[in-house]
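Subject: Handover of a structure and notes on what was found

Dear colleague,

Please find the structure below, followed by a written account of what was found in it. Kindly keep the structure open beside the text while reading.

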Amino acid sequence: MLKLTPAESDLLRSWLISRMRTGGQTVSDKALAEELDPDGSLGWNDGGSYEGLSHALFHVATFEVEHGRPVGLVALVINETGSYGWFPPMARQLLFDVPEGAGPQKRFWTLKLAEATLYWTQGHENGLMPDAQFDAIMAELSKIKQMIRQLQHR
């Protein structure tokens, strides 16, 4: 399971959730980086490529999927030209079945954004159970799997 950095969790993810709950308006990577990392100290506002921000968004997306929440939370972030083009490849990395072609990919992005909007505007805090509780259960399941493997090899 991925553990978010404090900046990813307390700043970026919280900002995205708040934005989602107040209408879900998309935001450019540049505007987001300038707002959350004005001095570049987090590595998100790097003057144009926003690779650090992209990396942090991938972490947030992974975290959301691992906790059973919609991946579309990060779909709020587009580039300055209004493109969501980074989202389909990122979703593929998370094993989503992303269609080929511009039209189907736009529909995929729109659907994932709508799913996240619905989820977060319904008042969910962190899913069906708090993240700490979810993480504890997953850790216990991991221990159980390890014990079963050890028993199988005896």
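Helices (H or I, at least four residues) and strands (E, at least two) are taken as DSSP runs and numbered from the N terminus. The expected span of a helix is 1.5 Å times one less than its number of residues.

The model is predicted: local features need pLDDT of at least 70 and side-chain atom pairs count only at pLDDT 80 or more, while totals for chains, interfaces and linings use all residues. Residues are numbered from 1 along each chain as its sequence is written, and side-chain values use heavy atoms, with hydrogens and water left out.

Helix α5

Helix α5 covers residues 102-121, which is 20 residues. From its first C-alpha to its last, α5 reaches 28 Å, close to the expected 28 Å. In what follows, buried means under 20% relative accessible area, exposed means over 50%, and partly exposed lies in between (1.4 Å probe, protein chains only). The buried residues of α5 are Q105, F108, W109, K112, L113, A116, Y119 and W120. These residues lie on the same side of α5 because they cover an arc of only 125° around the axis, the arc being that of the directions from the helix axis to the C-beta atoms. They pack against α1 (6-21), α3 (51-66), β2 (77-78) and α4 (87-93), where contact means heavy atoms within 4.5 Å. The exposed residues R107 and L118 sit on the face of α5 turned away from its buried side. Just after α5, G123 has a positive phi of about 90°.

Salt bridges

Side chains of opposite charge can pair when their charged atoms come close. A salt bridge is counted here when a side-chain nitrogen of Lys or Arg is within 4 Å of a carboxyl oxygen of Asp or Glu. The search of the whole structure finds 5 salt bridges.

One of them joins R13 and E64, with the closest N and O atoms 2.5 Å apart. This pair links distant parts of the chain, since R13 is in helix α1 and E64 in helix α3, 51 residues apart. Both R13 and E64 are buried, and together with R69 they are linked in a network of salt bridges.

A second pair is K30 and E80, at 3.8 Å from N to O. It also links distant parts of the chain: K30 belongs to helix α2 (residues 29-36) and E80 to the loop between β2 and α4, 50 residues apart. K30 is partly exposed at 29% relative accessible area, whereas E80 is exposed at 54%.

E115 is partly exposed, at 31% relative accessibility, and K112 is buried, at 11%.

Which residues other than glycine have a positive phi? Y50, in the loop between α2 and α3, has a phi near 55° and is buried at 5% relative accessibility. L95, in the loop between α4 and α5, has a phi of about 70° and is exposed at 77% relative accessibility.

Yours sincerely,
A colleague
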